[in-house]
Amino acid sequence: MSNKAPTLRQFQDRFPTEDSCLEHLMRTRYGARHDCQGCGREATYYRVKARRSYACEHCGYQVYPTAGTPFDRTRTPLRDWFFVMFQFCSSRNGVAAKEVERQLGVTYKTAWRMCHMIREYMGQVDGDGPLGGPDGIVEIDETIIGGRVTGKGSGPQIRSKTVVMGLLERGGSIKTTVIPNVRRATLWPVIEAHVLRGTVISTDELISYRSISVKGYRHMTVNHNKGQYVGADGASVNGVESFWSALKRGINGTHIHVSQKHLPKYLAEFEYRHNMRQTPHLMLDRLMASFVR
């Protein structure tokens with residue numbers, strides 16, 4: 001079985017009409033038959049003409065497959081929503097709202113809203129389970145997104161920059177979070193919240209990580225100042241730095257600028273794409289099958 005991502009032609013064959021998209025939502029969320037909330041009997045539901053709803057065969061009670069999904073109360077065709085989700089899953093560097101505006105012929109406000117809601121949904125589907133374990137190794141690193149460097153005052157100063165912390169389990173998932181600074185009081189609680197005790201933690205020589213072993217972790221470091229990228233004990237942060245590289249290519253090349261307010265949504269998008277990198281053929285299917293009832 002091929003693990004390649006679906007092509008545009010395959011997507012179009014799967015969802016050729018608006019009705020096929022609504023039918024997919026109905027079958028995914030409710031199945032072929034389910035107990036009616038109106039009359040309490042098991043029923044088959046039939047499509048209501050001119051509405052995005054299905055009615056119970058016994059009492060006529062209606063359910064709306066789009067309720068509680070990113071498509072709730074939207075006037076934008078479901079096929080457009082599904083197409084943008086397809087784009088998000090088939091692109092490595094993300095999708096710009098201006099590109100969605102051009103391709104769908106919608107307003108920029110509509111395109112921007114669609115993209116942000118899909119990013120939030122990708123973060124929900126990706127989940128937030130713990131990393132590591134007795135046999136696990138988690139790489140931890142920080143990077144700076146956005147802003148500019150000025151020379152005013154006592155030497156160069158960083159303005160309007162956002163610090164992001166990344167925790168990557170080797171062979172597993174990555175988690176990112178926006179943090180105010182890289183002090184110990186900021187970094188340690190994030191590690192404790194996401195990494196299981198007993199895990200081997202691999203970091204650089206940042207002083208804030210020193211003594212983290214007192215929290216029940218095994219700690220190894222790599223010294224970049226000495227030109228070291230992989231330590232004798234296997235210490236490195238190459239994996240998480242590779243993620244930073246992909247993230248910044250997407251932000252700088254596709255989005256040009258990302259505000260601090262909305263940065264967590266973009267992080268969620270790139271996390272989902274990274275965590276599904278070994279199974280690109282399931283990336284879209286997972287989104288399509290994850291609508292909660």
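Is Asp19 buried, partly exposed or exposed? Asp19 is partly exposed, with a relative accessible area of 45%. Here, buried means under 20% relative accessible area, exposed means over 50%, and partly exposed is in between (1.4 Å probe, protein chains only).

**Before you look.** This is a predicted model, in which local features need pLDDT of at least 70 and side-chain atom pairs count only at pLDDT 80 or more, while totals for chains, interfaces and linings use all residues. Residues are numbered from 1 along each chain as its sequence is written, and side-chain values use heavy atoms, with hydrogens and water left out.

**View 1. Four strands form an open, antiparallel sheet.** The strand order is β1-β2-β3-β4. At the edges are β1 and β4 (62-63), each of which pairs on one side only. Strands (E, at least two residues) and helices (H or I, at least four) are DSSP runs, numbered from the N terminus. Two strands pair if DSSP finds at least two bridges between them. As a reminder, strands of a sheet pair through backbone hydrogen bonds, either parallel or antiparallel.

**View 2. Strands β1 and β2 form a hairpin.** Three bridges join β1 (residues 33-35) to β2 (residues 42-47), and the two strands run antiparallel. Six residues lie between the two strands, and Gly40 in the turn has a positive phi of about 80°.

**View 3. A hairpin is also formed by β2 and β3.** Strand β3 covers residues 54-56, and three bridges join β3 to β2 in an antiparallel arrangement. Follow the pairs across: Arg47 stands opposite Tyr54, and Tyr46 has Ala55 as its bridge partner in β3. The two strands have six residues between them, with Ala50 in the turn showing a positive phi of about 70°.

**View 4. Arg47 and Asp19 form a salt bridge.** A salt bridge is a side-chain nitrogen of Lys or Arg within 4 Å of a carboxyl oxygen of Asp or Glu, and by this rule the count comes to 15. In this pair the closest N and O atoms are 2.8 Å apart. Arg47 lies in strand β2 and Asp19 in helix α2 (residues 18-30), so the pair ties together parts that are 28 residues apart in sequence. Arg47 is partly exposed, at 36% relative accessibility. Elsewhere, Arg33, Glu42 and Glu57 are linked in a network of salt bridges.

**View 5. Lys98 and Glu101 meet in a salt bridge within a helix.** The N to O distance is 2.9 Å. Why are Lys98 and Glu101 separated by about one helical turn? The reason is that they are three residues apart in helix α4 (residues 97-104). Lys98 is partly exposed, with a relative accessible area of 41%, and Glu101 is partly exposed too, with 21%.

**View 6. Glu269 and Arg273 form a buried salt bridge pair.** Their side chains meet at 2.7 Å, N to O. The two residues are four apart in helix α8 (residues 263-275), so about one helical turn separates them. Glu269 has 0% relative accessibility, and Arg273 has 8%. Arg273 also lies over the face of Phe270, at 5.1 Å from the ring centre. A charge sits over a ring if NZ of Lys or CZ of Arg is within 6 Å of the ring centre and within 35 degrees of the ring normal.

**View 7. The rings of Phe11 and Phe86 are stacked.** Rings of Phe, Tyr and Trp (its six-membered ring) pair if their centres lie within 6.5 Å; planes under 30 degrees apart count as stacked, over 60 as edge-to-face and the rest as tilted. By this rule there are eight aromatic pairs. The centres of Phe11 and Phe86 are 5.0 Å apart and their planes are at 20°, so this pair is stacked. Phe11 lies in helix α1 (residues 8-14) and Phe86 in helix α3 (residues 78-90), so the pair ties together parts that are 75 residues apart in sequence. Phe11 is buried at 4% relative accessibility, and Phe86 is buried at 7%. Both belong to one aromatic cluster, which also includes Trp81 and Phe82.

**View 8. Cys56 and Cys36 are too far apart for a bond.** A disulfide is a pair of cysteine sulfur atoms within 2.5 Å. The closest cysteine sulfur to that of Cys56 is in Cys36, 3.7 Å away. Cys56 is buried, at 5% relative accessibility. A search of the whole structure finds zero disulfides.
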